[in-house]
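Me: Could you take a close look at one part of this structure for me? I'd enjoy a connected account that moves on from there.

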Amino acid sequence: MADKHRISFEPVDIEMEVGEDEKILDAAFRQGIHLMHGCREGQCSACKSYVLDGEIQMERYSTFACNDAEVEEGFVLLCRAHAFSDCTIELLNFDEDELLNSAPLQEIRTEVAEIVPHTHDIVGLKLKPVDPPAYEFKPGQYADLTIPGTDEHRSFSMATTPSTSDHIEFVIKKYPGGVFSSLLDGGIAVGDTIELKGPYGNFTLKSGHVLPLVLMAGGAGMAPVLGLLRHLSETGDTRRIRFYYGARTPADLFYLDEIRALGERLADFEFVVALSESDAGIEDLDVTAEQGMVTDVAEAREPELHRTEVYLCGPPPMVDAALELAARQGVPDDQVFYDKFTTSVRDE
């Protein structure tokens, strides 16, 4: 049995136990401590922290997330880190309200309830919780789905809210050779069993916040943003809300009717589509659309971006461009939240 050690987190005064054979982030999940995280693969730096004392070694990680100089100085990625002594770690990013009050990590057996093609490369997947028959999460989070017949998993964001208790909905982009997404073309069927583990992620609405919201997404990044939008509509949020969605052509658009209906239940909502290639046929869809990249369209329409909270989700180039836009417009870091689909666990 692997040796166990104590981890003390500063400045939040939380302690936990970790085995040498488990990553520090996983040990935190196991004990109901919701540390800041993103990809869980050493790619995104969301869980970057600073070792004040103790011996820690990391598994393979991206130097873009934590470069050699930072490692030498004492920075560490908790999703790749193993402790080999008692340690004191300073958390650089944390949400004090969520640290001990987030949804617990759960493992459930689900059944495929529905598979629906939304576009030529975007598919909707609905899963019904079976054992246990309930699943607790926050809108905007994601889950690991086990590839049937294997021990591998892929991570997908949830588009539903907890109020939809009879199913969990995912929006999945099909990639050539995608291990999970390729199954959506006949490899799995309604009634099949899929194991789910979650929830993960910090792409959630923050309680008590009152600033206007700018939501920005592209591709399957629609899923968590739609989850946020559904929750905002359910709770009757009165803030100004703008949702910018980037697509190549009108054929890549989906959920338009539902977004329109959700917007009608909100006090101050507008949905704007940014088309990067062709707008042929857009006049038939009854949607506000502009040509260009989604970040360019948002920048032109949001001169007061620094006075908003910005939520970003989609492929890395889109999210990186949006983060650059937020920095350029002076949006404080604590008003920017993002989920970047960065690694193989997202089925690329």
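Reply: Helices (H or I, at least four residues) and strands (E, at least two) are DSSP runs, numbered from the N terminus.

The model is predicted, with local features needing pLDDT of at least 70 and side-chain atom pairs 80 or more, while totals for chains, interfaces and linings use all residues. Numbering runs from 1 along each chain as its sequence is written, and side-chain values use heavy atoms, without hydrogens or water.

Now for the rings: the whole structure holds eleven aromatic pairs (centres within 6.5 Å). One of them joins Phe203 and Tyr311, whose centres are 5.5 Å apart and whose planes meet at 75°, so this pair is edge-to-face (over 60 degrees). Phe203 sits in the loop between β13 (193-200) and β14 (213-218), and Tyr311 in strand β18 (309-314), so the pair links parts of the chain 108 residues apart.

Turning to helices, α3 (222-234) and α4 (256-264) pack at about 30°, axes 9 Å apart, and are therefore roughly parallel (under 35 degrees). Met222, Leu226, Leu229, Arg230 and Ser233 of α3 make the contact (heavy atoms within 4.5 Å) with Glu258, Ile259 and Leu262 of α4. By class, that contact has five nonpolar, one polar and two charged residues.

Key
Axes fitted to C-alpha atoms, helices over the stretch in contact; angles between N-to-C directions. Parallel < 35°, antiparallel > 145°, perpendicular 65-115°, else oblique. Nonpolar A, V, L, I, M, F, W, Y, C, P; charged D, E, K, R; others polar. Phe/Tyr/Trp six-rings, centres within 6.5 Å; stacked < 30°, edge-to-face > 60°.
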